[in-house]
Amino acid sequence: MGEVLSADAAAGRVAALHAAGKTVAFANGHFDLLHVGHLRYLKAARAEADALIVAVNDDASVARLKGPGRPLVPAAERAELLAALAPVDLVVVFAGDSPAPLLARLRPDVHCKGTDYGTPERVPEYAVVQAYGGRTALVGDPKDHATSDLIAKVKSLPEPSPPAPLPPAGEG
């Protein structure tokens with residue numbers, strides 16, 4: 001089972017992994033309602049290295065990037081859920097809209113992003129990763145799953161019928 005760490009603690013852990021000759025992959029996202037697309041992305045990211053760090057956007061950045069009512073699940077809970085997944089070794093919650101500062105600090109061997117970017121060069125943090133000698137990999141299945149689609153599906157469900165009343169005590 002993985003651990004949720006501060007950025008400082010994660011930096012120390014990455015340094016220790018590198019000193020032991022291990023490779024480190026980095027994946028990031030909002031992860032605001034886990035679905036199978038997230039799991040496939042994380043499994044594929046973990047296959048790129050000996051250890052996987054997952055960076056999770058904090059609540060303020062999810063609200064800015066996704067809009068009112070988001071996130072549905074607080075960052076601490078999203079991090080805890082991710083840490084419990086088999087492919088995940090470390091989880092770090094980060095502030096800001098981009099993981100670029102955290103990537104520059106942790107210097108993972110590979111930055112993993114979803115296949116929807118098309119090419120590694122289209123990933124916004126590509127230059128940051130290239131600057132310290134890392135590589136960018138596109139991993140996971142096609143982007144056929146989205147949290148916003150799940151939210152829309154739940155909102156479109158019909159209202160449930162009220163339960164039948166219970167008979168008065170002593171009857172039945």
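1. **What we are looking at.** This is a predicted model, in which local features need pLDDT of at least 70 and side-chain atom pairs count only at pLDDT 80 or more, while totals for chains, interfaces and linings use all residues. Residues are numbered from 1 along each chain as its sequence is written, and side-chain values use heavy atoms, with hydrogens and water left out.

2. Buried here means under 20% relative accessible area, exposed means over 50%, and partly exposed is in between, with a 1.4 Å probe and protein chains only. In a regular strand the side chains alternate between the two faces of the sheet. Both faces of β5 are covered, with Val110, Cys112 and Gly114 buried on one side and His111 and Lys113 buried on the other.

3. **Secondary structure.** The chain holds seven helices and six strands. These are DSSP runs numbered from the N terminus (helices H or I, at least four residues; strands E, at least two). Along the sequence the pattern reads β-α-β-α-β-α-α-β-α-β-α-β-α.

4. **The sheet.** The six strands form an open sheet in the order β1-β4-β3-β2-β5-β6, with parallel pairing. At the edges are β1 (3-4) and β6 (135-139), each pairing on one side only. Two strands count as paired if DSSP finds at least two bridges between them.

5. **Pairings within the sheet.** On one side of β5 is β2 (residues 24-29), a parallel pair with three bridges, in which Ala27 stands opposite Cys112. β5 also pairs with β6 in the parallel sense, over five bridges, and here Gly114 has Val139 as its bridge partner. Elsewhere, β3 (residues 51-57) and β4 (residues 90-94) are parallel over five bridges, with Asn57 opposite Phe94.

6. Tyr41 sits in helix α2 (residues 36-46) and counts as buried because its relative accessibility is 9%. Leaving aside neighbours within four places in sequence, Tyr41 is in contact (heavy atoms within 4.5 Å) with Ala27, Asn28, Phe31, Cys112, Lys113, Gly114, Val139 and Gly140. Tyr41 and Val139 are 98 residues apart in sequence, yet their C-alpha atoms are 6.0 Å apart.

7. Ala11 belongs to helix α1 (residues 7-19). Ala11 and Asp109 are 98 residues apart in sequence and 13 Å apart in space, C-alpha to C-alpha. Beyond its neighbours within four places in sequence, Ala11 is in contact with Arg105 and Leu106.

8. Thr136 lies in β6 and is buried, at a relative accessible area of 9%. Setting aside neighbours within four places in sequence, its contacts are His111, Pro120, Val123, Tyr126 and Val129.

9. **Backbone geometry to check.** Most residues other than glycine have a negative phi, and most peptide bonds are trans. Phe31 has a positive phi of about 55° without being a glycine; Phe31 is in the loop between β2 and α2 and is buried at 4% relative accessible area. The loop between β2 and α2 also contains Leu33, whose phi is near 110° and which is partly exposed at 30%. A cis peptide bond, with omega about 0°, joins Arg70 and Pro71. Pro71 is in the loop between α3 (59-66) and α4 (75-83).

10. **Overall dimensions.** The radius of gyration is 20 Å, whereas a compact globule of 172 residues would be near 16 Å; the value is taken over C-alpha atoms, and the globule rule is 2.2 Å times the number of residues to the power 0.38. Along the principal axes, the C-alpha atoms fill a box of roughly 75 × 35 × 30 Å.

11. **Burial and contacts over the chain.** Of the 172 residues, 38% count as buried. Among contacts between residues at least 6 apart in sequence, 76% join residues at least 24 apart.
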